[in-house]
Amino acid sequence: MPFDTAPADVADSQNPGAETLAGEQLSIGNVPIGFPVVQAALSGYSDLPMRVIARRHGASYTVCEVMLDQFLLALNERKKTKHFLDIHPDEHPVGGQLMGAEPEQFSLGALKLVEAGFDVIDVNFGCPVKKVLGRCRGGFHLSQPDVAIEILRRTRDVVPDHLPVTVKMRRGIDDSEQSRDAFFQILDGAIDAGLAAATVHGRTVQQRYVGPSRWQFLAEVKRHVGDALRILGSGDLFSAEDCFAMMRQTGVDGVTVARGAIGNPWIFSQARALAAGQPLPAPPGLFEQADVMREHFSLCEATYTAQRAPLLMRKFAIKYSQSHPEHETARLGFARMRSREDFERVLQEHYSVDRPGRMIPRDCHGSQEEG
């Protein structure tokens, strides 16, 4: 295994994980990723602006928000929807994530992602949202391994050989033995189908985001597949230290940061600093936070138009405000934002004096949907 498996509390508190990651590089199939801390797919969040900001702060790879196969097949060139397939020149490699119910439609949707220029095609068997499960999509496929494996095979067959296909899974529908057996049947099917990697979340579909992610299961998964499949771990990664603790404890090949990256792209630069043997960087000051938010807003305007950008940026600005020392008042200001002028007014009111920021407390992370 590429990482030691010492418990997290034994790690050097100044540079946790630095020695274990200094020389490690991640590849997905024939796509070199590099630094093994990447940004996960997040429904409603991991659009082009968020992905580009993450890349500029050290994420080596990002995945777009999940798209339905039916949506992709109906997608046209209308300005209101074409942004779903937009890729910024600076963000390669980037993954396109797909969700659906029927194997044939699934593979046709995958072709749309290929045509758009995504470097990796990711199949979603992990979404735990009730309306998704009710339509036999996402995490529902973990309950029907034969259909799941057929989807993986068809997707791998239709995607050109030079593009890797990966899968996102939770550890099962629930904690039953039957669910566990189905998980490993699908995982073995992914290997047989020629997939390059699997991202595994340590919670069940039934858990959604309640209770801790079971990292020990990730260690079991990695032992099971050995070198036949790259495994990326997911779940409860809210700090740079968490990323190294997961890799150290489980032996996974990399980690995907989801909720911990919303409004906090600094988690990637902090992880890179730790891997380089440096002390954990201080949280960004208010001037730096404001600069990054302005950059994010400008990317939103370029992606969605100046008219749509303010409302779409609002949810991100609220998340960025968690790094402000007076986060509640800053958050309320952004919550009322309706225009670029409102945005600048909040920055002037709360970010005009450069003060130290704060590390985001773990209890600030809500239940945004991980793709």
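Which residues are buried in H8? They are Ser179, Ala182, Phe183, Phe184, Ile186, Leu187, Gly189, Ala190 and Ala193, where buried means under 20% relative accessible area with a 1.4 Å probe, protein chains only. This is a predicted model, in which local features need pLDDT of at least 70, side-chain atom pairs count only at pLDDT 80 or more, and totals for chains, interfaces and linings use all residues. Residues are numbered from 1 along each chain as its sequence is written, and side-chain values use heavy atoms, with hydrogens and water left out.

**Helix H8**
- Helix H8 covers residues 177-193; helices here are DSSP runs of H or I with at least four residues, and strands are E runs of at least two, numbered from the N terminus.
- Glycine 194 follows H8 and has a positive phi, near 95°.

**Nonpolar cores**
- The largest nonpolar core has 90 residues, and Val37, Phe125, Val167, Leu187 and Phe334 have the most contacts inside it; such a core is a set of buried Ala, Val, Leu, Ile, Met, Phe, Trp, Tyr and Cys residues joined through side-chain atoms within 4.5 Å.
- Helix H12 (residues 286-304) gives the most to this core, with eight residues.

**Aromatic rings**
- There are eight aromatic pairs in the structure, meaning rings of Phe, Tyr and Trp (its six-membered ring) with centres within 6.5 Å; planes under 30 degrees apart are stacked, over 60 edge-to-face and the rest tilted.
- Phenylalanine 297 and phenylalanine 343 make a tilted pair, 4.7 Å centre to centre with 50° between the planes.
- Phenylalanine 297 is in helix H12 and phenylalanine 343 in helix H15 (residues 340-350), so their pair ties together parts 46 residues apart in sequence.

Note on methods:
The expected span of a helix is 1.5 Å times one less than its number of residues. Buried means under 20% relative accessible area, exposed over 50%, partly exposed in between (1.4 Å probe, protein chains only).
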